[in-house]
Amino acid sequence: MGEKRIDLGLTALDELFMTEEGRQENRLPRIRQIPLDMIDDMPDHPFKVRRDDDMELLIESVREHGVITPIIVRQKEDGRYETAAGHRRRMASKINGLTEIPAEVRDITRDEAIIIMCESNLQRTKILPSEKAFSYKMRLDAMNRQGKRTLTSAPVGQKLSREALAEQTGDSHSQIHRFIRLTYLIPELLTMVDEENIAFRPAVELSYLTEQEQRDLLETIGYEDATPSLAQAIKMKEMSKAGTLSMDAILNIMCQKKPNQKEKISFHTEKLKPYLPKNITPKQTEEYILKALEYYQRYRERMKERGDR
């Protein structure tokens, strides 16, 4: 357990005979070897540790040279530690069977740790849209909480936080807002954004749909094997705001021909219902129709053979 001290604003006994420079140096963060099983992940950490090429290189580097750059941690109230920066180095150490890792222990709050976490991870070679979205949201929330503790006007604090985040990241206010909007997507649609099956700008517009509307869209995407264009996404957003975005409305929008789109055949759900089993999924519907067409084709061939005899 970490030793707790009550700070009365007095100089510690071992600092009484130090110079001011010595006191300041004594309070600097120290590098320590900390057992890996004493270090926890930060709650809701948005960045995924993927076994990509960069990670494999890091694992190999740790295997040959150890962890060169210490990770950054904060000590929690229960005496354990929480990672602020260095999640990949920690994972590489575990994979290599190490039991300890060099760590810089900083006396910081959770909000300060969140800001460090976001800043360090945004330096990665490849960042998924979902990672950037939740990172921006966590970082802005942390900055807003810090602003509220120092400013009497919360809106002013929020404005300053947004301006500071824009300056630090290089993204404009509006672009940061678009990324944060992605956090309102259901997980399945957000995964499609990460996998580049749904483009960024249409995804932002789709984030304004209700959860049920997004799930209806997800079902339609599976049935139509197509994703919405920006124009289609904007239309759905407008209809959602007006309260008129039904399942059939989504299908009608998705069936509209896009530029350079190959012609495809679509059916309205209501027209197919009399010929389909109850509680059938979109994927099962496709298989059912294809099987029915296959049987029908065989029937026509048999009738043709009979007619030729």
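Start with the salt bridges: this predicted model holds twelve of them.

Select Arg80 and Asp40 first. Their side chains form a salt bridge, with the closest N and O atoms 2.7 Å apart. Arg80 sits in the loop between strand S3 (71-75) and strand S4 (81-85), while Asp40 belongs to strand S2 (residues 39-40), so this pair ties together parts that are 40 residues apart in sequence. Arg80 is partly exposed, at 24% relative accessibility.

Next, pick Arg74 and Glu82. Here the closest N and O atoms of the salt bridge are 3.2 Å apart. Are these two partners buried or exposed? Arg74 is buried, with a relative accessible area of 7%, and Glu82 is buried too, at 2%.

Now move to Arg106 and Glu104, whose side chains meet in a salt bridge at 2.6 Å, N to O. Arg106 is partly exposed at 27%, whereas Glu104 counts as buried at 18%.

Finally, colour the chain by pLDDT. The average is 78, and 75% of the residues score at least 70. Helix H9 (residues 200-206) has the highest mean confidence, at 95, and helix H6 (residues 154-169) the lowest, at 57. Select residues 1-12, where pLDDT stays under 50 and the model has seven contacts beyond four places in sequence. Residues 149-158 also stay under 50, with eight such contacts. Where pLDDT is low, the predicted coordinates should not be read in detail.

How values were computed:
Residues numbered from 1 in each chain as written. Predicted model: local features only at pLDDT ≥ 70, side-chain atom pairs only at ≥ 80, totals over all residues. Heavy atoms only, no water. pLDDT = per-residue confidence, 0-100. Helix = DSSP H or I, 4+ residues; strand = E, 2+ residues; numbered from the N terminus. Contact = heavy atoms within 4.5 Å. Salt bridge = Lys/Arg side-chain N within 4 Å of Asp/Glu carboxyl O. Buried < 20%, exposed > 50% of the residue type's maximum accessible area, 1.4 Å probe, protein only.
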